[in-house]
Amino acid sequence: MQFLFGLVLGFVLCAVVVWKFMPKLMMINKRSKLNFEETVEAIQKLAKEAGWNVPHVYNMKQSFEKAGNKNVEKMHVISLGQSKHAYEIVKHDKDKNILAFMPYRAGVYEDTNGKVYFCGANMTIMSKLFGGNIEKVMGASAKELDDAFAKILL
């Protein structure tokens, strides 16, 4: 009976730890050394220098204000793609379900105190959840972007 109680207690504690810490591990949120406009430009430039393309930049402030919201801080979502990496994943039928995460999206926002942040999914951690080919390719992609953006992030 004690063993069963310990097992249940261990499971509950593990679930609480995962529930509490996983959201923070799954996302990257780092302060930028630059102002908002410079950060948006630098993310695009650094991504291109690393061999990535930038198919679209969404001006979320403009979208929110157009929908009638007031006092919206500056925020952009930047789509980042790398065709060679993407193809290495989606050429396998079993891995095509990851398509919903492509292209990678990075956020740049200014908080109410005027501080600028970069945010996005932590591809290094996410890749480990998928394993196999996805882990290999997504992990390499994450390293490329992490190395590129390290120049402007605190």
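Helix α2 has 14 residues, which at 1.5 Å a residue should span 20 Å, and its end C-alpha atoms are 20 Å apart, which agrees. The expected span is 1.5 Å times one less than the number of residues in the helix. This is a predicted model: local features need pLDDT of at least 70, side-chain atom pairs count only at pLDDT 80 or more, and totals for chains, interfaces and linings use all residues. Residues are numbered from 1 along each chain as its sequence is written, and side-chain values use heavy atoms, with hydrogens and water left out.

**Overall layout**

- The chain has six helices and five strands. Helices (H or I, at least four residues) and strands (E, at least two) are DSSP runs, numbered from the N terminus.
- Along the sequence, the pattern reads α-β-α-β-α-β-α-β-β-α-α.
- The chain has 154 residues, and buried residues make up 33% of them. Buried means under 20% relative accessible area, exposed means over 50%, and partly exposed lies in between (1.4 Å probe, protein chains only).
- Of the contacts between residues at least 6 apart in sequence, 68% join residues at least 24 apart. A contact means heavy atoms within 4.5 Å.

**Helix α2**

- The buried residues of α2 are F36, T39, V40, A42, I43, L46 and A47. They lie on the same side of α2, because they cover an arc of only 165° around the axis. The arc is that of the directions from the helix axis to the C-beta atoms.
- E41, K45, K48 and E49 are exposed on the other side of α2.
- The cover over the buried residues of α2 includes β2 (53-59), β3, β4, β5 and α6.
- At the start of α2, a side-chain oxygen of N35 comes to within 3.1 Å of the backbone nitrogen of E37. For a polar contact, a pair of N or O atoms must lie within 3.5 Å; within protein, one must be able to donate a hydrogen and the other to accept it, and residues adjacent in sequence count only if both atoms are side-chain atoms.
- After α2 comes G51, with a positive phi near 90°.

**Strand β5 and its partners**

- Strand β5 covers residues 116-121, and five of its six residues are buried.
- Strand β1 (residues 27-31) pairs with β5 in the antiparallel sense, over five bridges. Two strands pair if DSSP finds at least two bridges between them.
- R31 stands opposite Y117 in β5.
- β4 also pairs with β5 in the antiparallel sense. Five bridges link β4 and β5, and A106 has G120 in β5 as its bridge partner.
- β4 and β5 form a hairpin with five residues between them. In the turn, G114 has a positive phi of about 85°.

**Nonpolar core**

- The largest nonpolar core has 32 residues. Such a core is a set of buried Ala, Val, Leu, Ile, Met, Phe, Trp, Tyr and Cys residues joined through side-chain atoms within 4.5 Å.
- L80, Y104, F118 and F149 have the most contacts inside this core.
- At least two residues of this core come from each of α2 (36-49), β3, α4, β4, β5, α5 (123-130) and α6. The most come from α6, which gives seven residues.
- In soluble globular proteins, nonpolar side chains tend to be buried together.
- Beyond residues up to four places away in sequence, Y104 touches I78, S79, L80, F118, G120, A121, M123 and L145.

- S141 sits in helix α6 (residues 132-149). With 5% relative accessibility, S141 counts as buried.
- Apart from neighbours within four places in sequence, S141 contacts W52, H85 and M123.
- D95 lies in the loop between α4 and β4. D95 also counts as buried, at 5% relative accessibility.
- Apart from neighbours within four places in sequence, D95 contacts I89, N133 and I134.

**Backbone points in loops**

- M102 and P103 are joined by a cis peptide bond, with omega about -10°. P103 is in the loop between α4 (83-90) and β4 (104-110).
- N71, a residue other than glycine, has a positive phi near 55°. N71 is in the loop between α3 (60-66) and β3 (75-81).
- N71 is exposed, with a relative accessible area of 74%.
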